[in-house]
Amino acid sequence: MSTEEKEKTPGILLQEQLTKKWEIAWNDLNEEETHKMKVISDEYLSYLTSGKTERQCVEISAKMAEKAGFKPLDDYKKSGGIIAGDKIYMVHKGKTIALFIAGVDSIENGMAIVGAHIDAPRLDLKPTPLYESDDMAFFKTHYYGGIKKYHWVTIPLAIHGTVVKKDGETINISIGEAPTDPVFCITDLLPHLSQEQNAKKMNEGITGEGLNIIVGSQPYKEKDLKEGVKLNILNILHEKYGMVEEDFATAELEVVPAGAARNVGFDESLVGSYGQDDRICAYTALKAILERDNPKRTLCVILADKEEIGSCGNTGMHSLFFENSVAEMIDLMNIEKPEMVVRRCLMNSEMLSADVTAGVDPNFSGTHDKNNAPYIGKGIVLSKYGGSRGKSGSNDAHAEFMGKMRKTLDNAGVVWQMGELGRVDLGGGGTIAYILAKYGMDVLDCGPALLSMHAPFELASKVDVYMCYKGYKAFLV
């Protein structure tokens with residue numbers, strides 16, 4: 001017994017033995033891990049900067065997968081089958097991607113799955129967006145996901161997306177990210193004229209129909225032309241992209257904050273960026289599976305679309321894409337009774353629903369029960385349940401799976417904490433956990449805490465980025 005331990009009273013020693021205090025994760029990093037955390041954080045910054053939309057995230061993820069030895073499913077169809085150790089990826093509609101590594105054990109015994117989403121709150125252009133008013137041209141938008149509308153005014157905005165023209169040609173558009181690109185903006189009132197606006201509730205000061213983006217003010221060079229500013233914008237789009245106004249009807253154009261992800265703080269301990277909900281989990285899960293080889297059980301990472309609007313549509317987790325992907329895998333494994341094996345595989349699987357939660361913000365006290373609140377910088381957060389108002393819509397993980405994950409993370413030296421999304425009857429939120437749980441598999445929500453969640457510039461701790469990567473990698477074995 002050390003001198004320090006001898007000086008402790010029996011009560012203090014008992015407290016240390018019986019009580020738990022979630023510790024700051026930075027203190028657990030040695031020099032080697034600190035260096036690795038920096039490397040991963042720098043790569044993550046690049047991923048965020050390049051992946052402003054779900055399509056871009058899928059494209060980047062597929063390239064990373066191929067570099068790590070993954071091949072498209074069609075390649076295995078041509079080669080005749082899938083065996084243990086094979087690395088497969090499947091892209092669905094350009095917006096969702098699933099990656100698998102075939103395990104040594106029979107897939108019938110279940111998989112280890114990490115599922116995240118790559119869509120994020122944003123503004124979408126309406127099908128007929130362009131109009132002119134008072135000699136200025138604007139795009140009308142419809143917001144996507146849960147936003148505070150006033151966050152989106154007076155900040156530089158970029159436009160990304162896909163346009164399908166009348167002749168069937170598809171073009172990709174990205175405007176506002178390069179230093180020489182123009183950016184776009186939604187205007188707001190100056191304080192001198194805001195008396196009426198200031199008297200409104202915060203959610204009424206800026207309306208959904210008021211989220212109109214200014215895109216130009218110079219008319220086409222012909223006097224007395226009606227709506228000359230609008231025509232000039234159309235002419236620019238036609239010269240650059242071959243577009244006409246009708247092409248907006250067959251386009252998916254997303255408006256997102258312009259600019260790169262940044263280090264935040266004098267110590268550069270934080271990542272600041274748009275879209276960290278949930279690309280922080282998507283990137284760390286992707287990184288984790290790309291570093292695995294020849295696992296015992298089959299591994300899977302799925303990066304899905306549409307979570308922010310209920311996981312609906314044919315690229316959301318409510319679609320059958322994931323189930324169909326598993327069926328395709330099993331079909332190429334030449335297993336008897338494949339339909340029954342699909343069911344048994346999904347029933348016997350375990351999944352981490354990799355999604356973020358809201359960290360305690362000292363600027364806004366009273367939003368959390370601090371005994372059960374997640375904090376930035378204290379590692380990955382295990383959220384036993386989500387939902388709202390009595391856990392409605394929640395998966396609510398079982399104690400046995402919680403215990404298994406606790407042991408897995410402890411054995412891997414992963415700093416973790418427990419947390420729930422806000423005070424009872426105040427907070428709550430949904431993830432994809434309950435959707436996968438319908439198959440009978442064990443599912444647990446597991447991801448980092450963020451500050452300014454769902455804002456155009458969210459904050460995450462770099463040490464939490466690292467602990468997510470480390471935790472997902474420990475699970476994917």
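Author: A cavity is a set of points, on a 1 Å grid over the protein atoms alone, where a 1.4 Å probe fits but cannot get out. The structure holds three cavities of 30 Å³ or more. It is a predicted model, in which local features need pLDDT of at least 70 and side-chain atom pairs count only at pLDDT 80 or more, while totals for chains, interfaces and linings use all residues. Residues are numbered from 1 along each chain as its sequence is written, and side-chain values use heavy atoms, with hydrogens and water left out.

Reader: What volume has the largest cavity, and which residues line it?

Author: The largest cavity has a volume of about 40 Å³, a volume being the space filled by probe spheres set on grid points that are joined across faces, edges and corners. Lining residues have an atom within 4 Å of a point; for the largest cavity they are G386, G387, G393, S394, N395, G429, G430, T431, A433, Y434 and D445.

Reader: How does the lining of the largest cavity divide by class?

Author: Two of these residues are nonpolar, eight are polar and one is charged. Nonpolar here covers Ala, Val, Leu, Ile, Met, Phe, Trp, Tyr, Cys and Pro, charged covers Asp, Glu, Lys and Arg, and the others, Gly among them, count as polar.

Reader: What makes a space a pocket, and how much space lies in the largest pocket?

Author: A pocket is an open set of points with protein on both sides within 12 Å along at least five of seven lines. The largest pocket holds about 1100 Å³. Its lining has 44 residues, and T357, A358, L421, M453 and H454 are the closest to its centre. By class, this lining comprises 16 nonpolar, 20 polar and eight charged residues. Strand β18 provides the largest share, three residues.

Reader: Why does D369 count as partly exposed?

Author: Buried means under 20% relative accessible area and exposed over 50%, with partly exposed in between (1.4 Å probe, protein chains only). D369 has 29% relative accessibility, so it falls in the middle class. The residue lies in the loop between β15 and β16. Beyond its neighbours within four places in sequence, D369 is in contact (heavy atoms within 4.5 Å) with E420 and R423.

Reader: Why is Y131 placed in that class?

Author: Y131 has a relative accessible area of 24%, and is therefore partly exposed. It is found in strand β5 (residues 122-133); strands (E, at least two residues) and helices (H or I, at least four) are DSSP runs, numbered from the N terminus. Its contacts, neighbours within four places aside, are M136, A137, F138, K140, N212 and K230.

Reader: Why is β4 described as largely enclosed?

Author: Seven of its seven residues are buried, so the rest of the structure largely encloses β4. Both faces are covered: M111, I113, G115 and H117 are buried on one side, and A112, V114 and A116 on the other.

Reader: How many bridges join β4 to β13 and to β14?

Author: Two strands pair if DSSP finds at least two bridges between them. β4 and β13 share seven bridges in the parallel sense, and β4 and β14 (residues 350-353) share four, also parallel; each pairing therefore meets the criterion. A112 has L299 in β13 as its bridge partner, and V114 stands opposite L352 in β14.

Reader: What makes a set of residues a nonpolar core, and which members of the largest one touch the most others?

Author: A nonpolar core is a set of buried Ala, Val, Leu, Ile, Met, Phe, Trp, Tyr and Cys residues joined through side-chain atoms within 4.5 Å. The largest has 61 residues, of which L99, V114, I289, L352, Y472 and L476 touch the most other members. Helix α9 (residues 276-290) gives the largest share, nine residues. A second, separate core has 34 residues, including M111, M317, I435 and Y439.

Reader: Which elements do the buried residues of helix α10 pack against?

Author: The buried residues of α10 (residues 321-331) are F321, F322, S325, V326, M329 and I330. They pack against β2, β3, β4, β13, α11 and α13. An α-helix has 3.6 residues a turn, so residues three or four places apart point the same way.

Reader: What joins β12 to β11 and to β20?

Author: β12 pairs antiparallel with β11 (residues 262-264) over three bridges, and four bridges join β12 to β20 (residues 458-461), again antiparallel. N263 is partnered by V271 in β12, and L270 by S461 in β20.
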